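Here are my notes on the model you sent over.

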Amino acid sequence: FFPLQSQLSQALNGLSDRAKEAKEFLVQLRNMVQQIQENSVEFEACLVAQCDALIDALNRRKAQLLSRVNKEHEHKLKVVRDQISHCTVKLRQTTGLMEYCLEVIKENDPSGFLQISDALIRRVHLTEDQWGKGTLTPRMTTDFDLNLDNAPLLQSIHQLDFVQMKVSSPVPAPPILQLEECCTHNNSATLSWKQPPLSTVQVEGYILELDDGNGGQFREVYVGKETMCTVDGLHFNSTYSARVKAFNKTGVSPYSKTLVLQTSEDTQSEEQTLPFPVPLERSQLRRMSPFSSTLNLQPSFPGRSYFELRSSAHQLSLHSSLQSLNSAVAWFSFDPASAHADIIFSNDNLTVTCNSYDDRVVLGKTGFSKGLHYWELSIDRYDNHPDPAFGVARIDVLKDAMLGKDDKAWAMYVDNNRSWFMHNNSHTNRTEGGITKGATVGVLLDLTRRTLTFSINEDQQGPVAFENLEGLFFPAVSLNRNVQVRALTMLSGAPQRHTLRLSLL
C-alpha cells in the first residue's frame, strides 16, 4: 500500500511539473499575442510611411517633368509668335508694294511710267526673292517631342513586395536580476540586471516592468540600453513585483524571474535600505490607489525613470472643477521620437507645426494613468481655416491621420467656427465656437472620474467629451502646415515651473 502511495506521489510530482510548464507556456503564448498586435501596428505604420515616401518622390518627379513640359510649351509659343510677327511685317510691306505698282500701271503718262518702271521691276523681284524657300514654312512643330518612359517604374511598382527577412540571430536569453545590487530607499527602488554569463546573443535594449503595488497588471517603467534603473514615486508601505526582458531586432526574450520588493512604511519613517528578496507574503497595503502619480516615460538620465505629477503649486482635490484649474498647467514637451516624420519641432520641443498639408499626429512625452491633469495649448499660427485636433491618445495611435480617426485617440477637432468630438472616426457633439490665432485650447483629463473635457479660451467647449477612460494616455495633437501649436508650460506670470501633488480621495 505505502509503496503504491509513494509511486503515485512521485507521478503526481512529475505531472505537476508538466502542468506548471504548461501554465508558463500559456503565459508566453499570450505575451506573443500582445507582441504580434504591437508589431502589426508598428509594421503597418512603417509600411504606410514607406509608401508615402514613394508617393512624395513620385509627386516631386511629376512636378519636375511638368516644369519641363511648360518650358517646352513656352519655347514653342515664342518661336511661332516671332515667326507670325516677322511674316506679318513682310506681308504688310509686300501688299503695299503691290498696291503701289497697280496704281503705276494705271498711269496714262508713258514718259512718267518709263522713268520709274525699271526701279519698280527690280524692287518687285527683290521683294519676291525675300519670300524665298522656307520663309513660308513653320519653324516649329505643334507636337511635343517628349515621351515619358514609365514602363520600368510601372514594372517596379507591380514587383513591389515584402522581402522575407532572414533571422540573423536568435532572441536574447532572459536577463538575470542581480539581487546583491537591488535595493529600496523610502519609496524608491533601484533594480539591476545582466545577461546570462554564457550568452553571446546581441541585445539592443531592455524593458523593465512593475506591477501596481496591489497585485495588478504589469506596466513598462523603463525602456533602454542601461542595465540599472531607479524608480521613484512608489507608494510607501507597499509591495511591488518587478521583471525585465531583453530585445533585439529578432524579437523579445522571455521575462526574467519576478522579484518582489517592499517600500518603507511611511514618509516619516527612518531612512533605510532593504535588501532583496523580501518574503513573498504580501503585507496589508494601506494605499489602495497605486500609481496615483503621472508616469513619465522620459528618463531624467539613462537608466533612471520617474513617476511624477506636475501642474500648479497648490494642493487640489480630484473633484476640483475645470474653473479651479484655469491657471494650472501640466508640464510636458512634445516627443520627436514617436511623432510623424512631417512634424517640425522648435522651442525646445514645446512648439510644433508640420510640413505637410495632410494631418499629422504628435504626442507629449509624458503619459498619464491616474489622477487629475490639465494642460493648455496656444494657437500661434492659424491660416486658411484648417481643423487641428487636440486630446489624448495611446502610444501606438495612427500618426498619419487626424487625431480620433482610430480607436487609439480621443479628441476635439475645431475650425474657426465650431468643433466636434471624435473617437474611432465617430463624430459627435457639434458645438459652436472656434479658434483663431492666439486662442488657447485647454484639455482636462480626470482619470478618477475617467472623463475628458475641453475648453477654448478658458470656457468649456461642449459637454463632457468622453467617459469611461482607463489606461495610459499621452497628450496628443494633429495638425497640418497651416497651424502652429505651442504647449504652455508655466503658470501665468510665474518665472519657473511648479509642481502639483494631487490628493487621492
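1. Residues are numbered from 1 along each chain as its sequence is written, and side-chain values use heavy atoms, with hydrogens and water left out.

2. How confident is the prediction, going by the average pLDDT of the chain? The average is 79, and 82% of the residues score at least 70; pLDDT is the predictor's confidence in each residue, from 0 to 100. Residues 267-330 have a pLDDT below 50, and this stretch has 191 contacts in the model beyond near neighbours in sequence. The pLDDT is also below 50 over residues 490-505, with 41 contacts counted in that way. Contact here means heavy atoms within 4.5 Å.

3. Now the overall numbers. Buried residues make up 38% of the 505 residues, where buried means under 20% relative accessible area, exposed over 50%, and partly exposed in between (1.4 Å probe, protein chains only). The accessible surface of the chain is about 30,300 Å², and 53% of it belongs to carbon and sulfur atoms; these areas come from the Shrake-Rupley method with a 1.4 Å probe, and for residues only the protein chains shown count as cover. Of the contacts with a separation of 6 or more, 65% are between residues 24 or more positions apart.

4. Which residues have the most contacts inside the largest nonpolar core? They are Leu445, Leu452 and Val485, in a core of 36 residues. A nonpolar core is a set of buried Ala, Val, Leu, Ile, Met, Phe, Trp, Tyr and Cys residues joined through side-chain atoms within 4.5 Å. Strands that each supply at least two residues of this core include S13 (351-354), S21 (440-446), S22 (451-456) and S25 (483-488), while the largest share, four residues, comes from S16. Among the residues that leucine 445 touches, leaving out those up to four places away in sequence, are Phe368, Trp375, Val392, Leu452 and Phe473. A second, separate core has 19 residues, including Tyr206, Leu210, Tyr240 and Ala242.

5. Leucine 29 is in H1 (residues 2-105) and counts as partly exposed at 32% relative accessibility. Together with Phe25, Leu26, Met32 and Ile36, Leu29 forms a nonpolar surface patch with about 450 Å² of accessible area. Patches are made of residues with over 30% relative accessible area and no salt bridge: like charges are joined within 9 Å, nonpolar side chains (Val, Leu, Ile, Met, Phe, Trp, Tyr) within 5 Å. Lysine 90 also lies in H1, but lysine 90 is buried, with a relative accessible area of 11%.

6. Arginine 486 pairs with aspartate 380, with the closest N and O atoms 2.8 Å apart; the pair links strand S25 to strand S16, 106 residues apart. Aspartate 446 and arginine 449 meet at 3.9 Å, N to O. Aspartate 446 is buried at 4% relative accessibility, whereas arginine 449 is partly exposed at 46%. Glu209, Arg243 and Lys245 are linked in a network of salt bridges.

7. Last, two backbone angles to check. Most residues other than glycine have a negative phi. Arginine 450 has a positive phi of about 65°, and its relative accessible area of 32% makes arginine 450 partly exposed. Asparagine 347 has a phi near 55°, also positive, and is found in the loop between strand S12 (343-346) and S13.

Note on methods
Predicted model: local features only at pLDDT ≥ 70, side-chain atom pairs only at ≥ 80, totals over all residues. Salt bridge = Lys/Arg side-chain N within 4 Å of Asp/Glu carboxyl O.
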